[in-house]
Amino acid sequence: MIGKEKILNTLDSALKDSDADQTEAVYIGGESGLTRFANSTIHQNVFEVNSKIYFRAALGKKIGVASTNSFIKADLQKALSNAIEIAKNQKENPDFPGLPSKQAILSLNTHFEKTARFSPIQRAQEVKKIFDKAKVHDLTAAGSLSTGESEIAVVNTKGVACYQPLTSTFINIVVTGDNSSGYADYLSRNVDDVDVENLAQIAIQKCLDSKDPQGLEPGEYDVVLEPTAVASLLEWMNYIGFGSKPFQEGTSFLSNRIGKKIMGENITIYDDGRDQSAIAFPFDFEGVPKEKVSFVEAGVAKGVVYDSISAHKDKVKSTGHALTPDSSDGALALNLFIQGGDSSVEKMIKSTERGLLVTRFHYINGLIDTTNALLTGMTRDGTFLIEKGKIKHGVKNLRFTESMLKAFSNVAQISADRKLVNSWWADIGCVVAPAMLMKNFKFTGKTEF
Amino acid sequence: MEDRINETIDYLKKKKVDYADVRHQKTCGEDIKVKNGNVDALSRNDNQGFGIRVIAQGAWGFAASSICTEEEMKRVADQAIQIAKASALTKRENVKLTETEIHKDKYQSQYSIDPFAVAIDKKIGLLLDACEIMAKNQKIKVAEGSMEFFRTDKTFASTEGAYVEQSILESGAGIYATAVDGSEAQRRSYPNSHGGDYASRGYEFVEEMRLLDNAERIREEAVQLLSADPLPEMETTIIISGNQMALQVHESCGHPTELDRVLGTEISLAGGSFLTTDKLNKLKYGSEKVTITADATLPGGLGSFGYDDEGIKAQRVDLVRDGLFVGYQTSRETALVLNQRSNGTMRADGWNRIPLIRMTNINLEPGEWERDDLMKDTKSGLLLDINKSWSIDDKRLNFQFGVEAAWEIKDGKLGKIYKNAVYTGITPQFWNSCDAVCNRKHWHIWGVPNCGKGEPMQVMHVAHGTSPTRFRNVKVGVSK
C-alpha cells in the first residue's frame, strides 16, 4: 500500500506540471494473490504488485488519454506529456462538458487488514480443507482462492481528490466425480467471512446428488434458478442494456421503452454503489459520487447509468458510473441488485410440479438480439429434475435460449435471501441476486454430460 | 535490464530452486476509436514489469512486480520461492518438466510501416472517412471505426541457461455500422466483428484492408437487415464464411486441444474438454476434409512468435489430420503425460501472469474448392457471415453461434437475407458433416485479440487461418 497522502500528493504534483486546460489523474494499484487448484492440488499460485496511472488531458474539447504502470515521477511526466500531445492531435468532442467538480464523497469501510495480509501459506491451508473433505467421498476439487488489497484515487485540476483503499476475497469451488459436478462460491471484502468447509460441503453435496445424470429433452420448463444463475443473467443484461452507450445507440432493451412495463410487477433492478451489504465503492473513475439508479421498478423501465459525457448528451447529470479514462464503453453499472421477495429455494422446489433446479449457467452470450435481451447459455455443475415438489435426480446439461423480457415477466417466486455474486468487475462491485422461480423457461438444446 | 535479469537468475540458482525463469516485458499500446464523426477514445498505454516463475520443493510459485529495481527483483524471487513452498503443502507429486533445447536467440516480427510512426491525424482520418460513408443512410445510428497497435519487447531467461529476446509488433482495425429502427437494431462489421482483424504486422496491414471500399456495403446490409425476417428453424446445408470459421475453429478445436484444459486445470473457470487422452489417434473428430494445425511459425499471424514463454521454439503441429484427432497443444509440464516434448504453446498475456497453454495460429488447412464453385454446387442452404454471438458448453461439445447475416442459397445463387441467425451442433458430429473447404486463394489468417483463459483472467492474441467451408444437415434458427 502506498497510502492516501502519497498518492494524492504525487498525482496533484504531476497535475501542477500540466499545460492542458483541464487534467485528470486516476490511480489504480495494489497487491493481490491467487491460489488456484485442480485435481485436488495447487497447480498455480501467483502474486503481483502492479499499478496503472491514467492521465486525461483536455485542451478545450480535445481530449487525450495516456497511461503508465510506473509511479516514478519521470514516467508520470512522460505519460502526462503523451496525453497532452494526443489531445493536440485530436478532434473536438462536442459532448465533453469539462471535468467534474469536487463533490462530497460518502465515507465507507472497504478495507480489512486481515484480508490484505492473508498469506500464500494461509490460502494453501484453507484450500487443503477442501481437498480433505472431497477425498472422503472419492471426489476431486478445482477452484481458486484470491485475496488482495488495492487503492483507487481520482484527482483533477477542478479540485476532485478522492481516495479509497479496498480489500476483497473470492473463492470458487468445483467438485467433480465420475459423471457429475457441484459448485459453490463466496465473495467478500473480509476473509473472516469465508467458511471454506461449509462451501466445500455444498459443492460436494451437489456433486453427489447429481451423480448419474439422466438425459432430458429440451423444451419449456419451470426453473428454480439459484442466485449464481440469476446473477449471470443479470450480468449480461447489464452489459447490453443498463449502460448509457447501448441506451443512447438504440441497442439496449431499455431504449425507447422508458416508462413502459417490460417485466413482471415483482421485478425491481437497481444499482447502488453505496450499499455496504455488498461490494460497495463510493465514487466513479471521474471522482463523481455514485448515485442509486433504478433500471426496472415494479416491472417498469426506469433509466440507465451515466458518466459525465453521456449525461451531457442526454442533458442529465452524471450518476457516478464512469469507467476508466481510456474506455469508450460509456457508463456501466457495477453494483447491481435485484430486490428480494419472500420465498426460499426450498419453497420454490416444493411448489414445482415438474421443473428444473439450476445451480449456475456457463458461457452466456447476449449479443444475438439485444433489443429483446435474448440470451443463450448452458447449465453447469448441478442441474436437477424436480417432480411433485421434490428433487428427483440430476440431469445432463441443457442449453437455454430465452428473452429476459419474457423470463423476468414470468417470475413466480423470489427468495428473501440474496447472495453476493462475483462479476467481471470484482474489487469494486458485484451482483446481489436472489433465487427465482421462473415459469416456462425455454431450453433449446442438450449436451452429452 | 539484461544485467538485472542475469543477476536474478544467479540469485535463484544460489537459492537452489529446482527450476526458475525470469520474464521481463514492456508493452506500448495505442487505441483509437471513432464514432459518428467524433473521436470516441484515443489513448496510449505504456506498461512494463517482470515475473518470476519458480519450482521449489517440487511445486510452482510465481510472483511479479512493476518495480524493476535490483532489490525488488530479489524480493520477488524470494516471494516466488515462498509461494512455491506454500503450494508444496498440497502436492501429490513433484512437478517435472520435459527436456528441451536451450536457446540463446533474438526474434523480431516483420513489418513494413511502424504504426506508432504514422501520424495520428492520418489514422483518425481513415476511420472518420469510413464513418462518413457509413453514416450516409439515416437508419445508421452508429457508424464506428477502431484501430489498435501493440509493440511488445520481452526477455526470457531461465536457470537452465536460456536467454531469448523478442520484439513483436501487432496491428488491427475494423469498421462497424449499426442500423436502428424503433426497437430493432442490426449491425454489420468489416473485415470482422469484435475489433476487426489483427496481424503481427505493421500499418501496411491496415492499409491493405480497404476499409473505405467496404463501408457502403456494410451500411446497406445493416439497413437491409432491419426489415429482414428472422432465420426460421430448420436443418440445412450451411456455408460458413472464413471469419466465422475462425470462431468455429477457436471454440470447438482450439480450446479443446489445449492439454492443460484436458488435464483439468481450467475446470473451475471455462471447464474441461471432451478430447480426453484416450481419444488421441482414435477419435474421428471430423470428415476426411478436415485437417487442423497449430502453427506458430506463420508469417504475420497474430499467434506467431519466435519462442513461447518457456523458451521453446515456435512450431507447426497437426491437431486433426484428415479427420483423425492426432495432437494437442502442449507445455513442458503437460507433454510428459504423453511422453512427448513440448510443442511450444505456453504464453502469458503480460509480465504479471504465468504462461498457460494458449492457441497459436490454429488453422483449418485449405481444401480444393473455388468459392464460386462451392456456391454453385449448393442447391439449397445458407451462407453465414461474421460472428455475432458465441456460446459452448464446458466440455466444448454443444455450441450455439450467432452471425450478423445469413443469406439463403437457392440453386447456387444468393437469395434473401435473414437476421438474428444462429446455428447449433455437437462438435464432432458437426465437423464430420463437413464436405467442402475452399482453397488457399480464399484462405486468410484471422487475428483474434481477445481470447480469455485462466485465473486471474488473461486475454491472449491468437489467430486462425480459415476459408469458406460447407457443412451438411446443420440445425439453424433456434433462437426463439
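**Figure 1. Glu48(A) and Arg353(B), a buried pair.** In this predicted model, Glu48(A) and Arg353(B) are both buried. Their side chains come together in a salt bridge, with N to O at 2.5 Å. The contact crosses between chains: Glu48(A) belongs to strand β2 (residues 41–59) of chain A, while Arg353(B) sits in the loop between β14 (346–347) and β15 (356–357) of chain B.

**Figure 2. A salt bridge between Glu249(A) and Lys35(B).** Here the N to O distance is 2.9 Å. Glu249(A) is part of helix α7 (residues 244–249) of chain A and Lys35(B) is part of strand β1 (residues 19–35) of chain B, so this pair joins two chains. Buried means under 20% relative accessible area. Glu249(A), at 9% relative accessibility, therefore counts as buried, and Lys35(B) is buried too, with a relative accessible area of 13%.

**Figure 3. A salt-bridge network in chain B.** Arg188(B), Arg217(B), Glu221(B), Asp385(B) and Glu404(B) are joined into one network by salt bridges that share partners. Over all chains, the count comes to 63 salt bridges. As for confidence, chain B has a mean pLDDT of 97, with 100% of its residues at 70 or more, and the predictor gives the complex an ipTM of 0.95 and a pTM of 0.97.

Key
Residues are numbered from 1 along each chain as its sequence is written. Chains are lettered from A and ligands numbered from 1 in the order in which they are written. This is a predicted model: local features need pLDDT of at least 70, side-chain atom pairs count only at pLDDT 80 or more; totals for chains, interfaces and linings use all residues. Side-chain values use heavy atoms; hydrogens and water are left out. pLDDT is the predictor's confidence in each residue, from 0 to 100. A salt bridge is a side-chain nitrogen of Lys or Arg within 4 Å of a carboxyl oxygen of Asp or Glu. Helices (H or I, at least four residues) and strands (E, at least two) are DSSP runs, numbered from the N terminus. Buried means under 20% relative accessible area, exposed over 50%, partly exposed in between (1.4 Å probe, protein chains only).
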